[in-house]
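Good morning, and thank you for making time for this presentation. May I ask you to keep the sequence and the structure in view while I speak.

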There are 2 protein chains.
Amino acid sequence: MIGHLDSDDASFLLSDLEEDRRARILTKVSATDRAAIESALAFDEESAGRLMQRAFVAAPVFWNVGQAIDHMRSVSEDDLPENFFEIYIVDPAFRLQGSVPVSLLLRSTRDKPLKDIMKEVKATVRPEMDQEEVAYIFRQYNLASTPVVDDAGRLTGMITIDDVVDVIQEEAQEDILALSGVSEAGVNQSVFSAVRARIPWLAVNLVTAFLASTVVSLFAPTIDQHVALAFLMPVVAGLGGNAGSQALAVSVRAIAERDLEGPLIRRAIRRESLTAIINGLVIATLASLVVLAWFQDPRLSVVILIAMASTFTWAGLIGILAPLTIRRLGLDPAVASSVFVLTSIDLMGFFVFLGLASLMLV
Amino acid sequence: MIGHLDSDDASFLLSDLEEDRRARILTKVSATDRAAIESALAFDEESAGRLMQRAFVAAPVFWNVGQAIDHMRSVSEDDLPENFFEIYIVDPAFRLQGSVPVSLLLRSTRDKPLKDIMKEVKATVRPEMDQEEVAYIFRQYNLASTPVVDDAGRLTGMITIDDVVDVIQEEAQEDILALSGVSEAGVNQSVFSAVRARIPWLAVNLVTAFLASTVVSLFAPTIDQHVALAFLMPVVAGLGGNAGSQALAVSVRAIAERDLEGPLIRRAIRRESLTAIINGLVIATLASLVVLAWFQDPRLSVVILIAMASTFTWAGLIGILAPLTIRRLGLDPAVASSVFVLTSIDLMGFFVFLGLASLMLV
């Protein structure tokens, strides 16, 4: 069955197998297919080299349309890609010169030189390029396929959109999971692997939760005198956490869409800060009115107003600054941001709320 | 400029404009283009009808390859799509019979009847179909383009992969934002619109946070006697909330990928329950050891062990059952699940923890 797949799909299947089983399967496929699959496996797992297929159609730059069509009619179907949308034009050293969409080839007269109808290739993809970068290029230029060239500009493969679509879906799904602290998930995942994919995040959060406990414990005498503070702690930390998650999701999404670059960064930081301040004032005011009605204590009401408004402002700022900083460090913002954002909001919220209370209520 | 875009891109641009500006722009484009754009605007915003373009190549079923190629060479370039990967074969009533990839057309001899090389169209797309469904079909069958047919099976348009790629990216990004309670975001969003996109979720959470406060207030006498309970409340609710967010992200992702259907549902529920129980036992044991070391009170340590283990189990169950139920109600699980999941975990966590404490410590 592997013999009938395009070489990129075959290498995907094989990479999940054990080393010796892989060797056994490779002996069953033809020698040329084997060479193609083995060379694909030589590239990093999430690289353009893994996505690309070795079957593509290339024509010398001095041919005309008729020669290209006759060539395609003459070669065996097995040597051509199952489906292709453009052919590549190369010089005698196999360096890429341009491409001709198959639909254009079809519409051109047989005597037309390929040189006259070929188009400049919009973006250059190298085998070692990250697949996320490849997906970005496909979206940016609305591509259906793209040639892959090596350092010397020689044509080495072709990537088609069907494989890129899977990359786009995977990367977005990875971000969804990563933001919630799950490293891996899938329909066939075992309980053991689900536990392993989630427990590191929970362990980190256990540590940060006890850090928050420690902050609260500093104010034990204040809580002892005003037990209402214990009722309201979840409101301050919970709402601040929500505001931080919102800012974080917006920022991680914008980074993934490449909307947070250059001058747009300053603008986004300004928007997040203002949004946090406005939302903070609105929500903190509502909360302080509820507290006033519940406990009939204006001072407690002022404490929660100030504490929530300042926690919101912090949440908005850290919600965008943390992922930006983590990106600058070369790490994945979706994976590493949540713990800093949510921990700092909890600590900040408890400290300001209980600190203010110990100053104003005692 | 609009005159040079394919009709699907043009209708996308126009849908964002005010009604009267739209009318003015439409008078500037040619009559045929105007008809195409206006009919696209008649479809729902997230439908296949909006994605499809009216420019495609169709050939009668009784033609041969040579006739199809000659036809494409004879029509003006403006009447053909900018790029196309297949042509559609229709009967005299314009009912779709099959398709021929352009690459196959190119390789076939001129006298070959189209009937002999045409392929069955893998999936039928209707103009009213939701764009998410269209994206699923493209991924499922690795399509580069697909015909759109009406109720009577007549060919009405073509959808190409470049527009579907944007849909896939958008839908995934919508899920990321929705899970964090943000209804809309974008690089050009104003502060006002950012506030409006986030404050409803914060308002809902303010209500649920005060619900949690009320539960805590029921146990005021117990907290008064054991202030350590106030320190540990964030640990129980926070960790439970993390476990719930993990289960929720995994389930929402699986629903989006259509991995949660039929017999897979029971299996996923089983996996989530077991994972939650195991993670709960591990994390609760660690937490109870920390508590034992900190407060030297075995009873408090047992209270936090039982409370956390049962909160985790609940978190895992509600994290998958809530989105499944919300999907069954025909709503978007990414949007509506978080509030139920996180509120129920908070209430459950505080109630069990403080309830057990009032039974065991007093």
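This is a predicted model: local features need pLDDT of at least 70, side-chain atom pairs count only at pLDDT 80 or more; totals for chains, interfaces and linings use all residues.

I begin with the interface: 96 residues of chain B are in contact with 96 residues of chain A, where contact means heavy atoms within 4.5 Å. Residues are numbered from 1 along each chain as its sequence is written, chains are lettered from A and ligands numbered from 1 in the order in which they are written, and side-chain values use heavy atoms, with hydrogens and water left out.

How much area do chain B and chain A bury between them? The figure is about 8,900 Å², with 68% of it on carbon and sulfur atoms; buried area is the accessible area (1.4 Å probe) that two parts lose on being put together, summed over both. Of the area that chain B buries against chain A, B:Leu106, B:Arg107 and B:Gln246 supply 9%, more than any other three residues.

I turn to the polar side of this interface. Between chain B and chain A, 20 residue pairs are in polar contact, both residues being at pLDDT 80 or more. A polar contact is a pair of N or O atoms within 3.5 Å; within protein, one must be able to donate a hydrogen and the other to accept it, and residues adjacent in sequence count only if both atoms are side-chain atoms. The rule also finds four salt bridges across the interface, a salt bridge being a side-chain nitrogen of Lys or Arg within 4 Å of a carboxyl oxygen of Asp or Glu. B:Arg139 forms such a bridge with A:Asp166, and their closest N and O atoms are 3.6 Å apart. Several helices of chain B each supply at least two residues of the side that touches chain A, among them H5 (65-74), H6 (102-107), H12 (228-256) and H14 (298-328). Helices (H or I, at least four residues) and strands (E, at least two) are DSSP runs, numbered from the N terminus.

Over all chains, the structure holds 28 of them. A:Arg139, A:Arg253, A:Glu257, A:Asp259 and B:Asp166 are linked in a network of salt bridges. The side chains of A:Arg271 and A:Glu272 meet at 3.9 Å, N to O. Is A:Arg271 buried or exposed? At 8% relative accessibility, A:Arg271 counts as buried, and A:Glu272 is buried with a relative accessible area of 2%. Here buried means under 20% relative accessible area, exposed over 50%, and partly exposed in between (1.4 Å probe, protein chains only).

A further salt bridge joins B:Glu261 to B:Arg327, with the closest N and O atoms 3.6 Å apart. This pair links distant parts of the chain, 66 residues apart: B:Glu261 is in the loop between H12 and H13 of chain B, and B:Arg327 is in helix H14 of chain B. B:Glu261 is partly exposed at 39% relative accessibility, as is B:Arg327 at 26%.

Next, the strands of chain B. Three of them form an open sheet in the order E1-E2-E3, with mixed pairing; two strands pair if DSSP finds at least two bridges between them. Strands E1 (58-60) and E3 (96-101) of chain B stand at the edges, each with a single partner strand, so one side of each is left without a neighbour in the sheet. E1(B) runs parallel to strand E2 (residues 86-90) of chain B, and three bridges join them. B:Ala58 stands opposite B:Tyr88, and B:Ala59 has B:Ile89 as its bridge partner. Both faces of E2(B) are covered: B:Glu86, B:Tyr88 and B:Val90 on one side and B:Ile87 and B:Ile89 on the other are all buried.

In chain A, strand E4 (residues 145-149) runs antiparallel to E5(A), joined by five bridges. The two strands form a hairpin with five residues between them, and A:Gly153 in the turn has a positive phi of about 80°. A:Val148 stands opposite A:Gly157 in E5(A). Strand E5 (residues 155-160) of chain A is mostly covered, six of its six residues being buried.

A polar atom of the A:Thr208 side chain lies 3.0 Å from the backbone oxygen of A:Asn205. Leaving aside neighbours within four places in sequence, A:Thr208 is in contact with A:Val339 and A:Thr343.
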